[in-house]
Amino acid sequence: MSKLSNKVVIVTGASSGIGYATAVELGKRGAKVVCAARRLKRLDDLAKEIHQAGGHAIAVECDVTRKDQVDRMVATTRETFGPIDCLINNAGIMPLSFMDACKIDEWTRMVNVNINGVLYGVAAVLQEMIERKNGHIINVSSVAGRKVFPGGAVYCATKFAVHALSEGIRQEVAKHGVRVTTIAPGLVTTELQNAITDERVKERFASLPEDFVPLESEDIADAIIYAMESPNHVNVNEILVRPTQQEN
Ligand code: NDP
């Protein structure tokens, strides 16, 4: 039997990329997976894929910037599967831009999704995990949560915040047996870059060497599964994964 069999796991941002791949892997391991994001059609297809492979999953429409929707999604999880064993705060956006472009709407959206979205998720599950003396919160940050780069000031600020939140929460809940992990990927081939509207940043990405091999979402799903499958007395605090050819 898999170590994750029957574990109740919420994956935010499950409609594409890293979240999608992680949900699929969890489904294969017998977890009860709650696939959350805004694009319900994609989530339905994902849940169907997991069922067809013999797993358990539900699709729940949820905008993580809306506390009421996060609370409802968590309530639906409890009603359907029971108490939450693991919350994977993966939803994120990355509309990179240079500061002088003053893309204030994009800055605000990044703060709302990448920071508030994580906080609402944590708020919805933490008390229960403390009471059960069991639970795992996994926050998907980024190499950008460790290193700042031009065009990434606001995105990096949100991901530095994710690292800080993870570590702060970890210190407070360690005594209750609750685990907290930060996953920090380097460049992964996903839809994340599609949100970039600043042409100067687009050019920077376009200038990657032709033979550059980025990570695939499954590579990060593997890292998440590793942290989850570690025994309860082992808290994998942080995993940073870069493509081999990524220097910074
Ligand atoms: P994708 O764009 O493929 O996936 C992002 C996911 O977030 C989608 O499922 C999207 O779903 C969801 N999302 C966005 N906004 C919201 C919202 N308001 N409410 C709920 N869900 C939302 O990108 P990735 O898979 O690459 O990104 C996943 C995480 O990995 C992000 O936190 C990102 O910052 C991080 N990361 C990615 C890297 C990369 O190179 N790709 C590198 C380092 C970190 P929907 O639109 O349906 O709501």
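In this predicted model, the side chains of Glu238 and Arg146 come together in a salt bridge, with N and O 2.8 Å apart. The two residues belong to distant parts of the chain: Glu238 sits in strand 7 (residues 238-241), Arg146 sits in the loop between strand 5 (135-140) and helix 5, and 92 residues separate them. Glu238 counts as partly exposed, at 36% relative accessibility. Arg146 is partly exposed too, with a relative accessible area of 43%.

Let us stay with Arg146 for a moment. Arg146 and Ile130 are 16 residues apart in sequence, yet their C-alpha atoms lie 29 Å apart in space.

## Other salt bridges

How many salt bridges does the structure hold? The count is 15. Some of them share partners, and in this way Glu25, Lys28, Arg29 and Glu229 are joined into one network.

A second pair to look at is Asp85 with Arg132, whose side chains meet in a salt bridge at 3.5 Å, N to O. Asp85 is buried, because its relative accessible area of 12% falls under the 20% limit. Arg132, at 36% relative accessibility, counts as partly exposed.

The third pair is a local one. Asp45 forms a salt bridge with Lys41, and the closest N and O atoms are 2.8 Å apart. Why are these two residues separated by about one helical turn? Asp45 and Lys41 are both in helix 2 (residues 40-52) and stand four residues apart, which means a separation of about one helical turn. Asp45 is partly exposed, with a relative accessible area of 33%, while Lys41 is exposed, with a relative accessible area of 58%.

## Around the ligand

Now to the ligand. Which residues come nearest to the ligand? Of the 30 residues around it, these are Ser16, Arg38, Arg39, Tyr155 and Thr190. Sorted by class, the shell around the ligand consists of 14 nonpolar, eleven polar and five charged residues.

| Residue | Backbone atom | Ligand atom | Distance |
|---|---|---|---|
| Gly13 | N or O | oxygen | 3.0 Å |
| Gly92 | N or O | oxygen | 3.5 Å |
| Leu192 | polar backbone atom | oxygen | 3.4 Å |

How much of the ligand does the protein bury? Taken alone, the ligand exposes 870 Å², and the protein buries 95% of that area. Helix 1 (17-28) and helix 5 (153-173) are the elements that give two or more residues to the shell around the ligand.

The side chain of Asn90 reaches the backbone oxygen of Gly13 at 3.1 Å. Where does Asn90 lie? Asn90 is found in the loop between strand 4 and helix 4. Is Asn90 buried or exposed? With 11% relative accessibility, Asn90 counts as buried.

## The whole protein

The protein has seven helices and seven strands. Along the sequence, these elements follow the pattern β-α-β-α-β-α-β-α-β-α-β-α-α-β. The radius of gyration of the protein is 17 Å, close to the 18 Å that the globule rule gives for 248 residues, so the protein is as compact as a globular protein of that length.

The C-alpha atoms fill a box of roughly 45 × 40 × 35 Å, taken along the principal axes. Of the 248 residues in the protein, 51% are buried.

Technical notes:
Residues are numbered from 1 along each chain as its sequence is written. This is a predicted model: local features need pLDDT of at least 70, side-chain atom pairs count only at pLDDT 80 or more; totals for chains, interfaces and linings use all residues. Side-chain values use heavy atoms; hydrogens and water are left out. A residue is near a molecule or strand if one of its heavy atoms lies within 4 Å of it. A polar contact is a pair of N or O atoms within 3.5 Å; within protein, one must be able to donate a hydrogen and the other to accept it, and residues adjacent in sequence count only if both atoms are side-chain atoms. Accessible areas come from the Shrake-Rupley method with a 1.4 Å probe; for residues, only the protein chains shown count as cover. Ala, Val, Leu, Ile, Met, Phe, Trp, Tyr, Cys and Pro count as nonpolar, Asp, Glu, Lys and Arg as charged, and the others, Gly among them, as polar. A salt bridge is a side-chain nitrogen of Lys or Arg within 4 Å of a carboxyl oxygen of Asp or Glu. Buried means under 20% relative accessible area, exposed over 50%, partly exposed in between (1.4 Å probe, protein chains only). The radius of gyration is taken over C-alpha atoms; the globule rule is 2.2 Å times the number of residues to the power 0.38.
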